[in-house]
Every structure is written in C-alpha cells, then in structure tokens.
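Biologist: Can you take me through this model? I'd like to start with the domains and then look at one strand.

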Amino acid sequence: MLDIRLFRDQPDAVREGLRSRGRDSSVVDEVIRLDAQRRELLASLEQLKSESNRVSKEISALKKAGKSGDDQVERMRQVRDEIKAGDSRLASLSAEIEAALLRIPNLPDPACPRGESEADNVEVRRWGEIPRFDFEPKAHWDLGPELGVLDFDVASKLAGARFALFRGAGAAMERALISYMIHLHVAHHGYTEISPPFLATRQAMQCTGQVPAMEEDMFRVANSDLFLIPTAEVPLCGYHANEILDGGQLPIRYTGYTPCFRAEAGAAGRDTKGLIRRHQFDKVEMAVYCKPEDSPAELQRLLAAAEDVLQGLGLPYRVMELCTADIGPNAVRTYDPEVWMPGMGRYVEISSCSDCGDYQARRGQVRFRREPGGRPEFVHLLNGSGLAVGRTFAAILENYQQADGSVVVPEALRPFMGGLDRITPA
RNA sequence: GGAGAGGUGGCUGAGUUGGUCGAAAGCGCUCGACUCGAAAUCGAGUGGCGGGGGUCAGACCUCGCCCGUGGGUUCGAAUCCCACCCUCUCCGCCA
C-alpha cells in the first residue's frame, strides 16, 4: 500500500498516479478526510491516556502512603470510559482507512509509459527467428493430444473445465522444464531455490496484494481459512514479512517452483482452449528484495533471467513494457516477455517482471537497516515469472513441431529428460 | 486428533500475593579511554510503531501504544480470566 504521508503531503501526485491508471481519484479526498479525523481523535485520546497514566501513579503513591485516593479512583472511572469509547471510534476509523489503502494501487514510475489501454504497451525488443514451416503449423491443443502428451478430456473428467493433464513424455517434459529453469536461475543468476507451502494465510495473501482486491479470483480451502496460492510470489515475497533485514544481506534473490491456482472469475470464454489459461498451472517464479536505489537495475536483471530461459530454449519472443493503464496494481514498472506461438499465430505473455517499489514491503512490513542501529527503511520488492511452465510447454510444441507431427526436444532440455531428443506420436 | 510445557527487547533470560516494569542481568552491537595496533579491561550508549512540536532535511523535545494475537476483569495487567494462533515433548494417525 501507499504511505499515508503521501496523501497528506503530495495528494496531487497520488491523484495523478491513479488517473494514469484510468482509476477514479476521488478516494484520495476520502482518505485525507478520514486521516484528518483520525489524527484529531488520536490527539485528544492521547491526552486522556496521559492523564490516566499520571493519576494512576498518584493512586499508587497514595495507597503506599496508606491514604485512600477515592477521589482519584472516581476520576479514573470516568476517564477509563471516555478512553474506551474513543478507542473504539479510533479503531473503526483506522480500519476504514486501512481498507481504503489496501485497495488503492501503487503509483506508476515516471518512466512507465503513459497509456490508455493494453494497446499502448511499448515493444522494447525482439529476439530469435520466427520459424518458417512448409506446412500449416498446428496449435498446441491439437498437437498435444495427437502426440498423446496432453489430455484435456481426462482433465475435465477429473476436475472440470480449465484443467490440463500431462502424459508420458509430456509429463516428463513439464518436469524437465521446471528443473531446467530453476537450474538456470540458481547456477547462473544467483538465486536461492525455495520450495514453499502451496497454501497461504489471508495475511500472506494480503502482503502481496491478492487480497482483498482480487479475492474473488482466488481459490479458498473450504474447511480452513487458507487460500491456494495463485503464484509463488505469495510465499517468496511473504518470506520476510515483519522482519527487519540487515542492509548487508541485500539483495536477496529467491526462485521457486509451485503450482498456481486461479479461479479465473473474470475470464469466462477467454482462452478456453489449450494451456494458456487454466485453473491450475505450474510456474517458476523469481523474487528479489533490494535497497530502494537498486530496484531499477534489479528489474533489468530479473528480466534478463527470464529472457535467458527463453533464449536457452531457443524460443522467439519480444519484450513489451506495459503502460500505466496495463501494469498490475502492485507495480511501478513492468516488462512482459511474450513468446511467439506459430500455431496460434501471435505472441503470448509468458512472463511478467515487475518492480513493486515499497508497496508490498509496506503491506508486509519488510524492512532493512543500512547500518546497525540505523532507522529501518522499507525494502523494494520485485517479482517475475521465469517462466510460466504450461505456456512454455505450449510454445515448445508449436515452435518445434515437424512435418511428420513429431516435436523436437530443445537441446537444453534433453539432459533433464534422460537424453530424449524427439517426441513422436505414440 | 489427545496429553503436557511454553511464547518477554538483535540473542540468552529474570520478572505471577496486579501498582513508578517498556521491563533486571548477561551476550551482541556502537562510541570513547587505555594500546604502536589488537585482545583483555574500564566508561557511556543501544528496541519498534504512531501523533504533535522542531528542522531545508536531520539531530532533538514531547506524548501515546507495543511483553504471541484479540477480548475481558480492575482506578491500574507482562503479571488474573476467556478465546484463538504458533513452537516444543510424548501418544495416536499417516505420505
């Protein structure tokens, strides 16, 4: 969330930030109004509490001296009731402010391209040769079942719509992709591998922003208060919640594989075929904790790690920088690598790398000290997919398909698949 | 799931006949003295959050809150009561 001080000191900057996202900025006035009320109430309450503390000591002294102190006790009864009433008003005011702040998105970085919609995203670069076929390339949702490596029918029998089942060499390749990606991040990019819980508390979900704003898109475990994580960002960024780190530890870079669960509540009818949009998919995620001044460079580093996976697999892609209207609520700046899908005939988002500034760190209270004994500051948090495994799987099928219906296994993946170099129809 | 023990400041750890306890002591850390330098020793300092004042910004001053979390009792709670969470040990169950 945003620092409440921003609303006091630079309300116009907040309004401008919200407008650049195409959001209504009237909440700003609401927050300012509530905050002023809260502070006024707080001041009078603290005065009461101060009196209460003072009189309490008087009573203590009187009792010790063997005197009654009945007048003071009577006065304290009144003060206590006033304090109780004030405290509960304060609590509800604070809750109101908190609720508002939790739903207000981050302010885009000045460097983030200004835009009205997805159409205003900016292409940063392209990499790789788009493969040319002397036959009509198929989409992965045809190729996969024909090869016997994907089965959507069985998946829907087992779990309903929007699930996938990987089979044989398909299952092996999915597993190999996870290993390959993690290996790359750990061995070449300085990440520490984490294998976290796949369920998370409301608190943890709130830290990274999935709750409350996107709660209807989350799966909830019926007999507990836990959520199925929609991304490993939740555990990786929640890892250091409520901690004060030593500046010397930074940057901290984590990577981890988890399945991701999303209700896709607002996506009815979209991407219904194939592996593009499922209720459950695998993803290797990266998260970085760093000092505020380092986050722009760390974002480039994060993006480079994601691109390295695509390059290692020989998949052609382009990098888009999202405009103010399209970046996620947490982000100040975002790059989306998009992979070319020959069968689908378009680029498809396969990663999203964001600098979230101190927005999530404030929600989760993740801080650090530059010097021992120094003032705690909020870290900057970044996260990015490296990569979405299901979509990578789809991209391999589509890019590496052959005229005979087989699919060549990218060389980099073969060591992770027992040397298998080609998937042929069973 | 059952039984028991416990959750105090960066760490260890005192503190339950409720009252100058935000909290002893030790360690760690910072600064200073001693030293050529270091160790040892000695001295001083050393939590977080929020409000107000102050400042260009700090420093600083002041008030309040925080002893797992949330309630309750009381003039007053780290200390008493209730609920919940977490950790440890044993038993049960189980991949």
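Modeller: What follows covers the domains and then a strand. This is a predicted model, where local features need pLDDT of at least 70, side-chain atom pairs count only at pLDDT 80 or more, and totals for chains, interfaces and linings use all residues. Residues are numbered from 1 along each chain as its sequence is written, chains are lettered from A, and side-chain values use heavy atoms, with hydrogens and water left out.

Biologist: How is chain A divided?

Modeller: Into domain 1 (4-103) and domain 2 (118-423), with bounds from an automatic or database domain assignment.

Biologist: How much area do domain 1 and domain 2 bury between them?

Modeller: About 710 Å², 43% of it on carbon and sulfur atoms. Buried area is the accessible area (1.4 Å probe) that two parts lose on being put together, summed over both. R21, L102 and R103 supply 78% of what domain 1 buries against domain 2.

Biologist: How many salt bridges across that interface?

Modeller: Zero by the rule, which asks for a side-chain nitrogen of Lys or Arg within 4 Å of a carboxyl oxygen of Asp or Glu.

Biologist: Now the strand. Which residues of β12 are on the covered face?

Modeller: V366 and F368 are on the covered face of β12 (residues 366-369), while R367 and R369 are on the uncovered one. Strands here are DSSP E runs of at least two residues, numbered from the N terminus.

Biologist: What stands opposite L245?

Modeller: F368 in β12. Strand β5 (residues 243-246) pairs with β12 in the parallel sense over four bridges; pairing takes at least two DSSP bridges.

Biologist: And which residue of β13 is the bridge partner of F368?

Modeller: E377. β12 and β13 (residues 376-378) pair in the antiparallel sense over three bridges.

Terms used
Buried means under 20% relative accessible area, exposed over 50%, partly exposed in between (1.4 Å probe, protein chains only).
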